[in-house]
Amino acid sequence: MAGLSAWFWNERFWLPHNVTWADLENPAPGVEYPKVGHLFTALPLALGIFVVRILFERFIASPCARSLHIHQGAGRRAQPNAVLEKVFTSITKVCMTYFTEFFHSPWMWDTRHCWYGYPYQAMTPGLYHYYVTELAFYWSLMFSQFTDIKRKDFLIMFIHHLATVSLISFSYVNNMARVGSLVLCVHDASDFLLEAAKMTNYAKCQRLCDFLFIVFSVAFFITRLVIYPIWILNSTMFESWAIVGPYPSWWLFNVLLLVLQVLHIIWSYLIARIAIKAILRGKVGNDVRSDIESSSEDESASPTQGFKTSPHPCKGENGTNGHCASAKARAQNHNSW
């Protein structure tokens with residue numbers, strides 16, 4: 001086991017040239033560097049989030065839904081929809097305290113500060129708690145998959161959450177937490193808008209639902225196709241090269257971030273295609289991959305069937321809610337890392 005551990009934690013892979021793990025073990029008084037053991041804190045927090053979610057759904061969300069006359073019909077299936085099911089695969093909850101720290105952090109406004117002095121960068125309490133909270137949230141999503149309704153994309157979502165946990169952990173271990181926090185922040189920026197659109201849809205506030213979804217779409221395009229490549233990738237690929245220089249884990253980190261950008265382009269294309277079709281035809285194409293639980297009697301849809309249209313961006317056939325309702329049982333499955 002010692003040999004395997006030494007191979008896995010090889011300094012030549014994880015750290016820049018001429019830097020060793022021993023150099024990071026004894027920081028100056030009052031300075032803390034990231035350590036692998038810090039990540040274990042996320043596990044009990046993830047369990048707590050999972051329990052709070054169950055209690056919230058049972059004792060708060062359900063009574064509120066009944067008071068708004070939102071009922072869960074027996075045997076009903078959410079309308080399948082391309083946008084809400086293709087765009088998001090995870091959801092994040094961002095605390096305003098951490099945003100405040102971001103706004104006061106120099107790397108928020110000048111990304112070169114992500115690399116000045118790297119890897120000898122102190123882990124601030126706010127950045128630590130932000131990272132651990134995000135990691136715990138994605139662990140809780142993995143837990144909840146085994147208690148929620150099992151859907152067709154169970155394996156895909158499980159792999160996604162596992163990959164997200166791995167990326168967050170990877171960037172923390174080799175102290176790329178500064179730029180990692182920017183990546184998380186960019187992806188968190190539009191999540192709450194989609195959740196708000198869903199809630200207004202369930203409450204039958206259709207115009208507000210339409211408006212919020214439009215705002216969400218614009219925010220998604222700006223953050224994923226403009227800010228992410230210009231602000232984040234430019235820093236991780238070019239600024240870091242000039243200031244720190246490449247090393248093995250640097251290459252892996254950038255390859256993963258580029259793969260993420262490819263996914264952004266695909267998801268944005270799907271949103272744009274559905275939006276254009278809705279504008280030109282007054283119809284929205286629905287995805288054949290739906291929220292239907294795998295035990296549903298209707299498993300006849302196949303990829304060869306293409307897209308099924310519905311008469312309104314936020315309404316399904318026969319006037320029922322579809323655009324925002326398609327992700328009805330997926331409140332915890334959206335995209336970040």
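The following dialogue explains how to read several features of a predicted model.

Biologist: How do helix α10 and helix α12 pack, and at what angle?

Modeller: Helices are DSSP runs (H or I, at least four residues), numbered from the N terminus. Axes are lines fitted to C-alpha atoms over the stretch in contact, and angles run from 0 to 180 degrees between N-to-C directions. Here α10 (residues 177-188) and α12 (residues 206-243) pack at about 175 degrees, with axes 10 Å apart. Therefore α10 is roughly antiparallel to α12, a term for angles over 145 degrees.

Biologist: Which residues of α10 meet α12?

Modeller: Contact means heavy atoms within 4.5 Å. V179, L182, V183, V186 and H187 in α10 meet residues of α12 including T223, R224 and W231.

Biologist: Is H264 buried or exposed?

Modeller: Buried means under 20% relative accessible area, and exposed over 50% (1.4 Å probe, protein chains only). H264 has 0% relative accessibility, so it counts as buried. This residue lies in helix α13 (residues 248-281).

Biologist: With which side chain does the side chain of H264 make a polar contact?

Modeller: A polar contact is a pair of N or O atoms within 3.5 Å; within protein, one must be able to donate a hydrogen and the other to accept it, and residues adjacent in sequence count only if both atoms are side-chain atoms. The partner of H264 is the side chain of H187, at 2.8 Å.

Key. Residues numbered from 1 in each chain as written. Predicted model: local features only at pLDDT ≥ 70, side-chain atom pairs only at ≥ 80, totals over all residues. Heavy atoms only, no water. Helix = DSSP H or I, 4+ residues; strand = E, 2+ residues; numbered from the N terminus. Parallel < 35°, antiparallel > 145°, perpendicular 65-115°, else oblique.
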